Amino acid sequence: MKNRKYVSLLVITLGVALVVGAGAILKPSKDVAKTKIDTKLQKKDASLNFEKLEKKYDATLGVYGLDTETNKVVAYNEDQRFAFASTYKALAGGLVLNESSWDELNQTIMIKKEDLVTYSPITEKYVDIGMPLKELISAAIQYSDNTAGNFLFKQLGGPKGFQTKLAELGDYTTDSSRFETELNEATPGDIRDTSTPKEIALDLKKLAIDHKLPTDKLEFYKKQLIENTTGSKLIRAGIPSDVIVGDKSGAGSYGTRNDIAVLYPPNRKPIVLVIFSNKEQQESDYNDELIAETAKIVSDDFNL
C-alpha cells in the first residue's frame, strides 16, 4: 500500500510539474507579446499614413513594396484594380527583350505617319526612316513614347498577346485590351487595361530581379529604367539620393497617376515598389506629390 501511495503521489507531482512547465512554455513572455503588438501598431500606422494622403489629395492609393533583402512587404489596397496606364511599357519592354534575339533587336522597324498617336516625341522624328527594335524599347520606357509602346504591343501579338505573356510569368490578374491611347481612359469599374499593385510588382520583380532575362539583356533593361526621363517628381523624389531608382511612370483620366520602380540601395538587394492612384472625377488633375509622399512613407518603413 505504501508503495502504491508513493507511486500515485509521484504521478500527481509529475503531472503538476508538466502542467506548470507547459504553461511556462505556452505562455508568451512579455517581450514576445509586446513585439506582436508593436508589429500590428506599425502596420496600422502605415495604413493611417496612406489614408491621410488619400484625404489630403482626395484620391485612392494602391501600394505594394517588396524588399528582396528581408522579404518585408509594405502594402495598401494591393489587390484593388487600377488602370496601369503607361507603366505597361516597362513590362512590355522586358518581355520583348526576352522574346527577341539581339539580331531581331537590332532590326529596323519602319514607322509610317499613320502609326503615330498622341505623344510620340521620339518616333515622330523617324517617320519613313524607322528605328531598331531596341531603340523603340528605349523610347517607350525612357520617354513614354506612345507609338513606341504600340510597336511593343505588336511585337507581342497585340494587347492580348502582352496579357498572355504576363500569364506565362504567373500573372492571371492583369487585363490588357486596347492600344495607345485608348488604354488610358481608366473608367471606374471597367477592368480593361487594369491590374493590381501587387501583381504588377511581382511581374516587374520577375523581369528585373529574378534573372528572367539573360545578363546582357538584363543590363540593357536596367539601363532603360534607370535612365527614364519621366519620373523625377515621382518615386525618385521620395527616395534618398544614395538609392538608385529605375522606374516607369503612367498617367490617365480620373486623376490616374502611377509609378513602378526597382530601387537599388547601396550594399543590399533591390526593392520593388508600385504606387497607383486615381480619383473619382474624369477630369481630375493628378498629383505627382502624392506619389512622392507615398514613396517617402515606404522608404522610411524600409529604413532606406
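User: Let's start with strand 7 and strand 8: how many residues lie between them in the hairpin?
Analyst: There are 3 residues between strand 7 and strand 8 in that hairpin. In the turn, Y254 has a positive phi of about 55°. Keep in mind that this is a predicted model.

User: Is strand 7 mostly covered or mostly open?
Analyst: Mostly covered: 7 of the 9 residues in strand 7 are buried.

User: What's the strand order in the open sheet?
Analyst: The order is 2-1-9-8-7, 5 strands with antiparallel pairing. Strand 2 (73-76) and strand 7 (244-252) are at the edges; each has a single partner strand, so one side of each has no neighbour in the sheet. From one strand to the next, the twist averages 10°.

User: Which helix lies across strand 1, strand 8 and strand 9?
Analyst: That's helix 8, residues 197-208. Helix 8 runs at about 145° to strand 9 (271-278).

User: Switching to aromatics, how many pairs does a search of the whole structure find?
Analyst: It finds 8 aromatic pairs. In one of them, F50 and Y76 have ring centres 5.4 Å apart and planes at 40°, so the pair is tilted. That pair links distant parts of the chain, with F50 in helix 2 (residues 30-57) and Y76 in strand 2, 26 residues apart.

User: Why do F50 and Y76 count as buried?
Analyst: The cut-off for buried is under 20% relative accessible area. F50 counts as buried because its relative accessibility is 0%. Y76 also qualifies, because its value is 10%.

User: What about Y88 and F162, what kind of pair is that?
Analyst: Edge-to-face, at 6.2 Å centre to centre with 70° between the planes. This pair links distant parts of the chain too: Y88 belongs to helix 3 (residues 88-99) and F162 to helix 7 (residues 158-168), 74 residues apart. Both Y88 and F162 are buried.

User: Which residues do ring pairs link into a cluster?
Analyst: The cluster consists of F84, Y88, F153, F162 and F179.

User: Nice. Where does the charged end of K154 sit?
Analyst: Over the ring of F151, 4.9 Å from its centre.

User: F151 and F153 make me curious about helix 6. Which of its residues are buried?
Analyst: N146, T147, A148, G149, N150, F151, L152 and F153 are the buried ones. That is 8 of the 10 residues in helix 6 (residues 146-155), a mostly covered helix. The buried residues pack against helix 3, strand 4 (108-109), helix 5 (133-143) and helix 7.

User: On to the largest nonpolar core, which residues touch the most other members?
Analyst: L136, I137, F162, L204 and Y221, out of 48 residues in that core. Helix 3 gives the most to this core, with 7 residues.

User: What does Y221 touch?
Analyst: Leaving out residues up to four places away in sequence, Y221 touches A90, L91, G93, G94, L97, I141, L204, L207, A208 and L213. There is another core, apart from the largest one, with 24 residues, among them Y57, L234, V243 and I297.

User: Last one: how many helices and strands does the chain have?
Analyst: It comes to 10 helices and 9 strands. Of the 304 residues in the chain, 48% are buried.

Key:
Residues are numbered from 1 along each chain as its sequence is written. This is a predicted model: local features need pLDDT of at least 70, side-chain atom pairs count only at pLDDT 80 or more; totals for chains, interfaces and linings use all residues. Side-chain values use heavy atoms; hydrogens and water are left out. Two strands pair if DSSP finds at least two bridges between them. Helices (H or I, at least four residues) and strands (E, at least two) are DSSP runs, numbered from the N terminus. Axes are lines fitted to C-alpha atoms, for helices over the stretch in contact, and angles run from 0 to 180 degrees between N-to-C directions. Contact means heavy atoms within 4.5 Å. Rings of Phe, Tyr and Trp (its six-membered ring) pair if their centres lie within 6.5 Å; planes under 30 degrees apart count as stacked, over 60 as edge-to-face and the rest as tilted. Buried means under 20% relative accessible area, exposed over 50%, partly exposed in between (1.4 Å probe, protein chains only). A charge sits over a ring if NZ of Lys or CZ of Arg is within 6 Å of the ring centre and within 35 degrees of the ring normal. A nonpolar core is a set of buried Ala, Val, Leu, Ile, Met, Phe, Trp, Tyr and Cys residues joined through side-chain atoms within 4.5 Å.
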